[in-house]
Amino acid sequence: MQSVTTYSQVVARTVGCLRQQQGTLDQKSFAEFLGVSASTWSRIENGQVGLALDQLAHAATLLGFASASELLAVADRAADNMRRQGVRVLTGREAAKDDQTFAYLGAAALGALLAAALVKR
């Protein structure tokens, strides 16, 4: 069975990987800056809860990007890299329609793929 994830999960994991790579803010501090609880932010980084647009914009700023679109460009490259490795990355409509949506990659596997893609940044 083909590995499947959603673009939303790729974006959230990209933010998490970048936060960890920078090492300047732990998960709890990052969550506080975004105005959410540490447990909520943990669920966002793990792709269990969607990242709101205002959270994305603020996260981009905290990570040193000039805009959310720059951060999304990094996520786009990560998603492209995952597709080249045979992972099916579903968009919102596809994710809503696809029965395999619940066959997501494990957080560790998704994180490893993203970390590899981000190193090329």
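The side chain of Arg13 reaches the backbone oxygen of Glu45 at 3.4 Å. That pair qualifies as a polar contact: N or O atoms within 3.5 Å, where within protein one must be able to donate a hydrogen and the other to accept it, and residues adjacent in sequence count only if both atoms are side-chain atoms. The model is predicted; local features need pLDDT of at least 70, side-chain atom pairs count only at pLDDT 80 or more, and totals for chains, interfaces and linings use all residues. Residues are numbered from 1 along each chain as its sequence is written, and side-chain values use heavy atoms, with hydrogens and water left out.

**The two partners**

Both residues sit in helices, which are DSSP runs of H or I with at least four residues; strands are runs of E with at least two, and numbering starts at the N terminus. Buried means under 20% relative accessible area, exposed over 50%, and partly exposed in between, with a 1.4 Å probe and protein chains only.

Glu45 has a second polar link. Its side chain meets the side chain of Arg19 at 2.6 Å. Leaving out residues up to four places away in sequence, Glu45 touches Ala12, Arg13, Gly16, Arg19, Gln20 and Gln27. A contact here means heavy atoms within 4.5 Å.

Ala78 is 65 residues away along the chain, yet the C-alpha to C-alpha distance is 9.8 Å.

**The whole chain**

The chain holds 7 helices and 2 strands. Read from the N terminus, the order is β-α-α-α-α-α-β-α-α. Of the 121 residues, 41% are buried. Among contacts with a separation of 6 or more, 71% join residues 24 or more positions apart. The accessible surface is about 6400 Å², and carbon and sulfur atoms hold 52% of it. These areas come from the Shrake-Rupley method with a 1.4 Å probe; for residues, only the protein chains shown count as cover.

**Confidence**

The predictor's confidence in each residue is pLDDT, from 0 to 100. The chain mean is 83, and 74% of residues reach 70 or more. Helix 5 (residues 68-84) is highest, at a mean of 95, while helix 7 (residues 107-119) is lowest, at 59. Over residues 99-105, pLDDT stays under 50; the model gives this stretch 19 contacts beyond four places in sequence. Where pLDDT is low, the predicted coordinates should not be read in detail.
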